[in-house]
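Reader: I have a model open and some labels I want to check. Can we go through them one at a time?

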Amino acid sequence: EKKKRKGKIKRKEKKKKKGEKMSSDTANQVNIDELAARISSNDATLTKLTLNSYVTIENGKMVAGTAENAVKIAEALTVNNVITEVALSNSNVNSLAAQAFADVLVRNNTITSLNLETNAIGGEGITALIQALTQNQTLTELKITNQRQQIPSDVAQSIPTILEANQTILKLAVSLREQTHRNSLDKILFRNKDIARRNRVGKK
């Protein structure tokens, strides 16, 4: 009997933990308009923006992030010079929102890491982000893997070619099916890491 009771208690504890994970207290709740205002005003206390799987509260209910809200965040980031890391994984970022973040990469010179993994970015959005890196010398890490749709082969093939003009990106997480495309990308990243190493040595 004692063993049975002990087993029942364990099951109840597991259910409680699962419930806590889904509660509004532990969810990544965000007021987009207030946050965008803080970003655009260069709030000095906000240096890292972590919005992975964020939710907003509408009519008393939790609502998952939207592409429209991602665009609002991106627009605010274009005038920000404080934030260094941005993460919006699993936040329903689509190609239109990705193009807004591409504009951020062109205009912003403080962000070093951008995470847009596990979203709905298509070929146009991927291309825009990679193309933006030709005009960016600050970003060292870009994560865009695990999108809902596969990257078109022509887009995948163009990524290493476009990145030839960038010498600062060190980490690029992107889903490339062809081994030749992955090898070409690895060569560029290895080259950039070597450049970064030599620059560090030169400063000593």
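Reader: What makes asparagine 69 count as buried or exposed?

Author: This is a predicted model, and the call rests on a computed area. The relative accessible area of asparagine 69 is 11%. Buried means under 20%. Asparagine 69 is therefore buried.

Reader: Where does asparagine 69 lie, and which residues does asparagine 69 touch?

Author: Asparagine 69 is part of helix 3. Leaving out residues up to four places away in sequence, its contacts are Ile32, Tyr54 and Thr56.

Reader: What is the phi of serine 53?

Author: Phi is near 55°, a positive value, and serine 53 is not a glycine. Most residues other than glycine have a negative phi.

Reader: Which residue in the loop between strand 4 and helix 4 is worth a look?

Author: Asparagine 90 is in that loop, and strand 4 spans 85–87. Its phi is near 50°, again positive in a residue other than glycine. Its relative accessible area is 41%. That lies between 20% and 50%. Asparagine 90 is therefore partly exposed.

Reader: How do you know whether helix 5 and helix 6 are parallel or antiparallel?

Author: Helix 5 (residues 123–132) and helix 6 (residues 153–163) pack at about 5°, with axes 10 Å apart. Angles under 35 degrees count as roughly parallel. The two helices are therefore roughly parallel.

Reader: Which residues meet there?

Author: Helix 5 brings Gly123, Ile126, Thr127, Ile130 and Gln131. Helix 6 brings Val155, Ile159, Ile162 and Leu163. Six of these contact residues are nonpolar, three are polar and none is charged.

Reader: What makes helix 5 enclosed or open?

Author: Seven of its ten residues are buried, so helix 5 is largely enclosed by the rest of the structure. The buried ones are Gly123, Gly125, Ile126, Ala128, Leu129, Ile130 and Ala132. They pack against helix 4 (95–107), strand 5 (113–115), strand 6 (141–143), helix 6 and strand 7 (171–173).

Reader: How many helices and strands does the protein have, and what share of its residues is buried?

Author: There are seven helices and seven strands. Along the sequence the order is α-α-β-β-β-α-β-α-β-α-β-α-β-α. Of the 204 residues, 41% are buried.

Reader: What is the confidence of the model?

Author: Mean pLDDT is 88, and 87% of residues reach 70 or more. Residues 2–26 have pLDDT below 50, and this stretch makes five contacts beyond near neighbours in sequence. Where pLDDT is low, the predicted coordinates should not be read in detail.

Note on methods
Residues are numbered from 1 along each chain as its sequence is written. This is a predicted model: local features need pLDDT of at least 70, side-chain atom pairs count only at pLDDT 80 or more; totals for chains, interfaces and linings use all residues. Side-chain values use heavy atoms; hydrogens and water are left out. Helices (H or I, at least four residues) and strands (E, at least two) are DSSP runs, numbered from the N terminus. Buried means under 20% relative accessible area, exposed over 50%, partly exposed in between (1.4 Å probe, protein chains only). pLDDT is the predictor's confidence in each residue, from 0 to 100. Contact means heavy atoms within 4.5 Å. Axes are lines fitted to C-alpha atoms, for helices over the stretch in contact, and angles run from 0 to 180 degrees between N-to-C directions. Angles under 35 degrees count as roughly parallel, over 145 as roughly antiparallel, 65 to 115 as roughly perpendicular and the rest as oblique. Ala, Val, Leu, Ile, Met, Phe, Trp, Tyr, Cys and Pro count as nonpolar, Asp, Glu, Lys and Arg as charged, and the others, Gly among them, as polar.
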